[in-house]
Structure formats: structure tokens, C-alpha cells
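Hello,

Here is the structure we talked about. Please look it over before reading my notes below.

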Amino acid sequence: MTKELIVVKDLHKNFGDLEVLKGIDQTIHQGEVVSIIGPSGSGKSTFLRCLNLLEKPTSGQIIFEGVDIAAENVDIDTHRKKIGMIFQHFNVFPHLTVLENITITPILELKTPKAEAEKEAIELLKKVGLEDKKDEYPRKLSGGQKQRLAIVRALAMHPDVILCDEPTSALDPEMVKGVLEVIKELANQGMTIVIVTHEMGFARETSDRVLFMDEGIIQEQGTPEDIFEHPQNPRTIKFLSQVL
Amino acid sequence: MKKGFRFISAFLVSFMIMMSSIMPAFADETDTSTTGDLLDKIQERGELVVGTSPDFPPNEFIDSTKTGQAQYVGSDIELAKYIAKKMGVKLTIKASSFDTVLANLQTEEIDLAITGLAYTPARAQQMEMSIGYNMTEDTGGQAVIISKKDEEKYKKLTDLTGLKVAAQQGSIQQQYTEDQIPDAKLQSISSIDDGVALLKNGTVQAVACSEGTADEYIEKNSELAKLDELFNIDQDYAGNRVGAPLGEKRLMKEVNKILKEVNKKGLYEKWYKAAKKQSSEQFTLTATGFFGTCVQIVQYCWPQLLKGLGVTLGLAAITVIFGTIIGGLFALVKLSKNKIVQAIAGVYVELIRGTPLLLQLWLFINIFSYLTNGKMPMIVSVIIALIINSSAYVAEIIRSGIQSVDKGQREAAKSLGMSNVHMMTKIIIPQAIKNILPALGNEFVMMIKETSLASTFYIGELMTVNSVIKSATYKSIEPLVIVGLIYFIVTYSLSKLIKYMEGKLSVSD
């Protein structure tokens, strides 16, 4: 078995009186592509956002590369540099050009020389077909282009894992394919990816493992074949019958 | 609900703490005033502070060609100089509106009030009053101004029976009006200018004022006339008085000694004549129509108007710049996680936003004056009060500007591993500026108008210039229209400019 990258132990998260995550144990290995599926409100996004502490767990451990980042007095910024995140609404920086969107964090936080950061950014833009947009502001980009920019922006930090929070949910249907292809390409190159998605086709084709979440716990997990062909849990069966 | 209650109680507690730190100030003052040691204090500091309301030529008015202490001229100012000289101390004139002079006397902001003050029984209860000066027939008379068109109709005081008569609040003329015009309907005014304006527009039929003032107005306004019959002067009420804080009997004794000498030598009458000459020389309007008068005022007074506008813009700019710095700090504190400093900042902002600016000006001027023993210059107190006021509004502008930035931006920056400082300076604030800048511009425009409240304290901004021109020209509507136009042109064009820049800024969305 490959190296354990993220180990989650007994993760709980409450929003006020509402218990959203009710005890999650999970291990993500290096190079693994893990899809998280489940009905809305099941806690998928919250679980994902706990992995880089955008949501602070109420209790439990999140051990990333051997360090419990959920503990007090951890310099979370250092660890976040190694955890990329792709958002549903892209969250590109509207006041910066495409190129600046990518280079700002490496220059500020990794002290990468500007010229080097820009060279690398252009290389990455080429791969996603956005090279000619490098001096544009994001308002000139389509949704799909914005999301590809967001992916490149995350990659420029050389993360060890990328978390994708419904990356295609806010896209027009014709844009979905392009973005998924970029993610697929990353998976093929060996990037560790944890993705919350409603794209069942993608989860089936690309994932090494699928987690089915409902009511704040992982109800069932396994290979895509296990989950999609032979689901065991009645909730999984019901969910799949509704979405497929 | 519970949170709201906690907030209100925090608010009240802090307000009470604030008040209790001020109250001893007033308590102290009553204590010292009963011992009457102000004379010693004056001698100790080598300075006599005299309050006056320089809108009453020729007794006290502003020579607009001069600045600083030298701009205050008139026969009362000469008297003040004389008293200071006799006491062997330096004179400082503190100019403010008439009501403010009286209030300042009670709080011992000033040592003496010399401002054409007449005796009334009510006033005698609130202050020490000197013997009379300015007692002679031709300067000490009390008259009634009426419209020229009524000249034939109204000859005697009894002809005014049951009519509306304007008189300054709490003045001797008010007393005379009540006593000598049967069933007069009294209209309180804060300055004779206001009364004349009311007379011109027909709201009142007569204005009671001193004869000297009446003569000045009639000379310069062809549509005005003087009632033939003068008020019958009660010797007890005759002449003008010098006021001192209640209980300062020793100081009053000293002043009376000097006044006796002034009366004996007929000094005041000399000063009065000279002041009258100076007042009529400084400005002569020849135009008759409304527009002609306006044009002429602008021709004569444009340097003062420009200077007043400069002070107004300067005040507004200083206020908004420092208000932004302090307001920015408060905004960051309000956005911070520390509940205690957050609560303090919240109470500060709500207190300032929930009380009128004029009240704050009064309050802070009194506090600073108490803390510095009256040494804080008025303009500095006013500026600090304005800054404190503005900072509360700016704090809200900045806070809401920062919060208006999509929270996804914060999450994206954090998820990339950006430090808090970089996130604020490179991502959040550059985007918030777009919302903050136009709002700050509007705050500046607001402040241009709000600074007019500070004219109560004669600090030379546009509205003060209005009073100066008013008292120099004996015209009340024209200066208001001119100054109003200047305010409007400046604020309107600034607002348009801000709108334009707002449009430019939003292009990057």
C-alpha cells in the first residue's frame, strides 16, 4: 500500500446545535482519487472543508503528512500550501489578471522569483488552453475558463493533494466536460484528489474509491464497481436509483 | 433578544461612566465660584478671557480684513481691552454666538462676558452683573424697527398693540416689549439679523433692538423705518452690563471700579463713535435690488468667502482623513475576534452615531476645556470633535466595505496558504476599496455640510463668514443665498465626481 497522506480520526463538526459530521474515520493514500457522493445536506462539503481547516472540526483529528492540523497552535497556513482547493464558484481574484491570479501566492508565500513564477504559470496555462488569456481580467472569462484558471492557481503551489468541492455544479452543461478533463488529466499524472461531485459518470470512470455519505457519516465505501454495481446499504441503493 | 439587552446595558454603563467622569468637572466649578477666586486666577495666568458675540456692530463685530484676535473690533472690544489693561493682563477674545457666550460664562470657559449685555432680572440670577455702561441718551436708547410702508400707520408703541414683535431671547428688549407694547405677541430670535429677515418677509411687524443697532439697519435697508416713539427706559435696566460667573463678587468689584472710571471719563461714548465710523466705512452697499446686492456682496467679500470655503474644505478634509485612520482601526477591531475590544468599539460607534453632532461639539469642547484649563484653542476642540464623529461613520463604511467582499475570496486566499496580512492587503482590501472610496467621498461631502454646525463657535468656516457678512451689511437673506449657493455648487460637483469615479472603479468587476 502507498503512503498515507491524510488520516481522519473520529471527526465531528457541529454548527450550533446542528451536528453535521457525526464521527468520520478515513484514510486517503498518496495518488488516490476519491469521489464523495451523497444527497445534499449529507455533510460531503463540510467533510471536505474540514480537510484544510476551512471549517474547524468540533472534535477529532486530521493528520496530514503526519501532523494533526486540527490541533491547537498549528501554523495552518504552512500546511494549506500543500493542500489545493477548487471551489464550486471558482473564487478567482477579480482584481488581478489571469497571470497574477496564479503567481501572487507563490511569489508572496513561497518567495518564488517573479520571472520564474510567471514562466511556470504560462506553462500551466498552456496545458489548460488559457495561454492567450494571461493578461485578461477574470471578468472576460467564461465559467469553464474561470474554473480551469482556479485549478491552475492551485497547481502553482505544488500541492500534494487537491480538494474539489463540486467543481462543475455552477457550470453551464457545455463547460463541464472541459473542466472534468483537466481533473482527469491530473489524476492520470498521479495527483491525489478528493472530489465532492454529482457527476456520477466521472466518479465511476476516474475514481479509485467512492465514498457514499448521508446524515453526517460515511455509509458505504468501495471501488466504483462495488458502489455503482453492487451497493449494499439501502441508502446507497435509494440514492443511486434517484440519480442514475 | 438577550444579546440586544446586553448591548443596551453595556451602552448605558459606558455612557454613565463617561458622564460621571465629566460631572465632577461641573461640581468643582460651582465650588470654586462660591469662593470667588477667579480674579486671582486671571492675575496668575496673566490672561483675561472675554466672551463676545461679534454680530452686533458697532458694539462688537468682525473686521473681515483682519485675522486672529485683531479681527474682533467695536466699542465693547475697546472696553475689554481697557479692563485688561487696567488689570495688567493680556486680553483674549473668545467669539461665539450670544447664547454660547452666556453658557460659557456659567461653565467658566470665559472670565467675563462683554457683548452688549443688558440687565434683566432673569439674567441677574445666573451671573454677576456689573453697573451699567453705555448709558447716554444717544447711544443707550431702545427702539423698534418697522417696515417703511407701515411708517405712517405705526407711530407710538401702543399702535403695535397685539402685533407680532421680534426680540432676542432673554434680552432687555424682550422685557420692554412685554412691558410697554400691550398684548404683543413675542417672537424669540437669536440675532437681530433673523428678526429683520422676519420683518422683511412679513412674519413679524416689528423688531425691538437697541437704538444704535436700529439706526444702522435703517441706514442700510431702505425698506425699514424706526418707530417714532422709543421705549421708555427704566433706569434700573439702562445701559449695557459686563457679566461674570455667578459668585465672582471680587472680580465684579474690580470690574465696577474700572467701569466707574470709564463712565466718568466718557470713554465708552468715544469708542462707540469711532466703532460706528469704522463699521460704516468697512462696507457700503449701493445696490438696491436683490441680485444687485448679491453681486455687490460677492464683489466685496469674495476673499472672505473664498477663505471661508477654504476653511470648510480644510476642516472636512482633515476630519475625513483622520476619521479614516481612526475609523479604519475601529473597523479592524470590530472585525477582530476579541469580544471585549469588539464590544468597546461597538459601543463607541453606536454612541457617536446615535447622538447629534452639535451635542458632541458642545460636549467635547467642554471636556477639553476642562481638561486643559481652558487652554485648548476652540478650533482644535472642534476638529477633534469632528474627527471623533466622523471616525464612527467611517468605521462602519470600512467594516461594511470589507464585509461586502465575497467570502469565497477569503476562502480561496486561505486555501492557497496565504497569510492573514497578505490576504487582507492583497486580496480583501483592494476589492473593498471599490466600495469604500465612494462612500468616503460621500462622507467628505456630508462633512462639508456638517462643519457648518461649528459656526456656533466662530471658527471661520463658510457659515461663520455668512454671519460676518450679515452683520457687516445688515442684510440677512442675500449672504445666506450666496453661501448656500457656494455649498451647493461644491457639494453637487463633488457628488457628481464621486459618481463618475464609482463608475470607473466598478468597470473591473
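**The sheet in chain B**

In chain B, five strands make an open sheet with mixed pairing, ordered β9-β8-β10-β7-β11. (Strands are DSSP E runs of at least two residues, helices H or I runs of at least four, numbered from the N terminus; two strands pair if DSSP finds at least two bridges between them.) The edges are β9 (185–189) and β11 (224–226) of chain B; each has a single partner strand, so one side of each has no neighbour in the sheet. β7 (residues 142–147) of chain B pairs with β11(B) in the antiparallel sense, over three bridges. Ile146(B) has Ala225(B) in β11(B) as its bridge partner.

**Before you go on**

This is a predicted model: local features need pLDDT of at least 70, side-chain atom pairs count only at pLDDT 80 or more, and totals for chains, interfaces and linings use all residues. Residues are numbered from 1 along each chain as its sequence is written, chains are lettered from A and ligands numbered from 1 in the order in which they are written, and side-chain values use heavy atoms, leaving out hydrogens and water.

**The interface**

Contact (heavy atoms within 4.5 Å) joins 23 residues of chain A to 21 residues of chain B. Glu411(B) forms a salt bridge with Arg49(A), with the closest N and O atoms 2.6 Å apart.

Best wishes

Conventions: A salt bridge is a side-chain nitrogen of Lys or Arg within 4 Å of a carboxyl oxygen of Asp or Glu.
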